[in-house]
Amino acid sequence: MTLDLDRPVSHRTLSTETLLVLGLSLGQSAVYALVSIVAKLTADGPLSAQTAALNTSRSARPYLDLTYQLLGIAFALLPVLLAIHLLARNPGDPARTLGLDARRPGQDLARGAGLAALIGLPGLALFWAAAQLGVNATLVPAALPDIWWAAPVLILAAVQNAVLEEVIVVGYLVTRLRQLQWRLGAVVATSALLRGSYHLYQGFGAFVGNAVMGVIFSLYYLRTRRVMPLVVAHTLLDVVAFIGYTVLPKEWFDWL
């Protein structure tokens, strides 16, 4: 008996695959973020008096902490490799399908920087407004000790966040939903709401801001079929946030 390896993948199989990939990555993060915001809202004190800390220390022993940080970054990228592997069932190179390649480095860098400016400047205003309204927790973008490896690890964390989110929530998810013949509006809304949902642990302002970012990024991807500029933009935004919080005076960030 021979197996028909060329048989088209059914919609049911694609739907199950998509749910599994999300369940192993940012869909799981969305569930934890929902539990986190419920916990904050039901705790003593207002949401604005609570803290959402990113990039925290994992051990009091510096080199063990560094080991944990690097392992966390590496294992967080496994769902990206899984998604690319699964997309390899489609005709053509999956990296080219996603636009996750180095064919246009100058253009990708320029467009990524433009997207970062487009998202970053209004995003700061939104975070300020959310802080004034008390609908965000106090955000601590970086809480690593003052040690030589902190800045490189924060940069690696920014790259990891960007690759994970843009490949899974934009490139992979949009591609699969279009293959499942979802309408364009539903595809954009799903990608954007998922992006907003796994930021809920920071508060409702973060949810809205990231959902808007999700709309812009998914529309950009649908137009260009290139995820690399989105990775560049996201990396720049996170590097500025993480490193800026580390090196600039803390009183500059009281509004967060």
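Author: The answers below set each value against its cut-off, and the model they concern is a predicted one.

Reader: Why is Ser25 called buried?

Author: Buried means under 20% relative accessible area. Ser25 has a relative accessible area of 7%, so the residue is buried. Ser25 is found in the loop between helix H1 (11-23) and helix H2 (26-41).

Reader: Which residues is Ser25 in contact with, leaving aside its neighbours within four places in sequence?

Author: They are Pro79, Leu164 and Ile168. Contact here means heavy atoms within 4.5 Å. Pro79 is one of the buried residues of H4.

Reader: What makes Leu78 partly exposed?

Author: The class partly exposed lies between buried, under 20%, and exposed, over 50%. Leu78, in helix H4, has a relative accessible area of 43%, so the label is partly exposed.

Reader: Which residues form the nonpolar patch on the surface?

Author: Leu71, Phe75, Leu78 and Leu81 form the patch, with about 410 Å² of accessible area together. A patch residue must have over 30% relative accessible area, and Leu78 has 43%. Helix H3 (62-76) and helix H4 (78-87) each supply at least two residues of the patch.

Reader: How do you know that the buried residues of H4 line one face of the helix?

Author: The buried residues in H4 are Pro79, Val80, Ala83, Leu86 and Leu87. Seen down the axis of H4, they fall within an arc of 130 degrees, so they line one face. The face turned away from the buried side carries the exposed residues Leu81 and His85.

Reader: What do the buried residues of H4 pack against?

Author: They pack against H1, H3, helix H5 (94-98) and helix H7 (150-179).

Reader: Why is the pair of Glu17 and Arg89 called a salt bridge?

Author: The cut-off is a side-chain nitrogen of Lys or Arg within 4 Å of a carboxyl oxygen of Asp or Glu. For Glu17 and Arg89 the closest N and O atoms are 1.9 Å apart, so the pair qualifies as a salt bridge. Glu17 lies in helix H1 and Arg89 in the loop between H4 and H5, so the pair ties together parts that are 72 residues apart in sequence. Glu17 is buried at 8% relative accessible area, whereas Arg89, at 42%, counts as partly exposed.

Reader: Which residues form salt bridges with Arg195?

Author: Among them are Glu165, with the closest N and O atoms 3.7 Å apart, and Glu166, with those atoms 2.8 Å apart. Both distances fall within 4 Å, so both pairs count as salt bridges. Glu166 lies in helix H7 and Arg195 in helix H8, so that pair ties together parts that are 29 residues apart in sequence.

Reader: Are Arg195 and Glu165 buried or exposed?

Author: Arg195 has a relative accessible area of 0% and Glu165 has 8%. Both values are under 20%, so both residues are buried.

Reader: How many salt bridges does the structure hold?

Author: The structure holds 7 salt bridges.

Reader: What does the UniProt record say of residues 148-239?

Author: An unreviewed UniProt entry annotates them as "domain: CAAX prenyl protease 2/Lysostaphin resistance protein A-like". In the model this span is 84% helix and 0% strand, and its end C-alpha atoms lie 16 Å apart.

Definitions and conventions
Residues numbered from 1 in each chain as written. Predicted model: local features only at pLDDT ≥ 70, side-chain atom pairs only at ≥ 80, totals over all residues. Heavy atoms only, no water. Helix = DSSP H or I, 4+ residues; strand = E, 2+ residues; numbered from the N terminus. Buried < 20%, exposed > 50% of the residue type's maximum accessible area, 1.4 Å probe, protein only. Patch = residues over 30% accessible without salt bridge, like charges linked within 9 Å, V, L, I, M, F, W, Y side chains within 5 Å. Areas by Shrake-Rupley, 256 points an atom, 1.4 Å probe, with all protein chains shown as cover. Arc of directions from axis to C-beta. UniProt positions renumbered as here; feature names shortened; annotations may be inferred.
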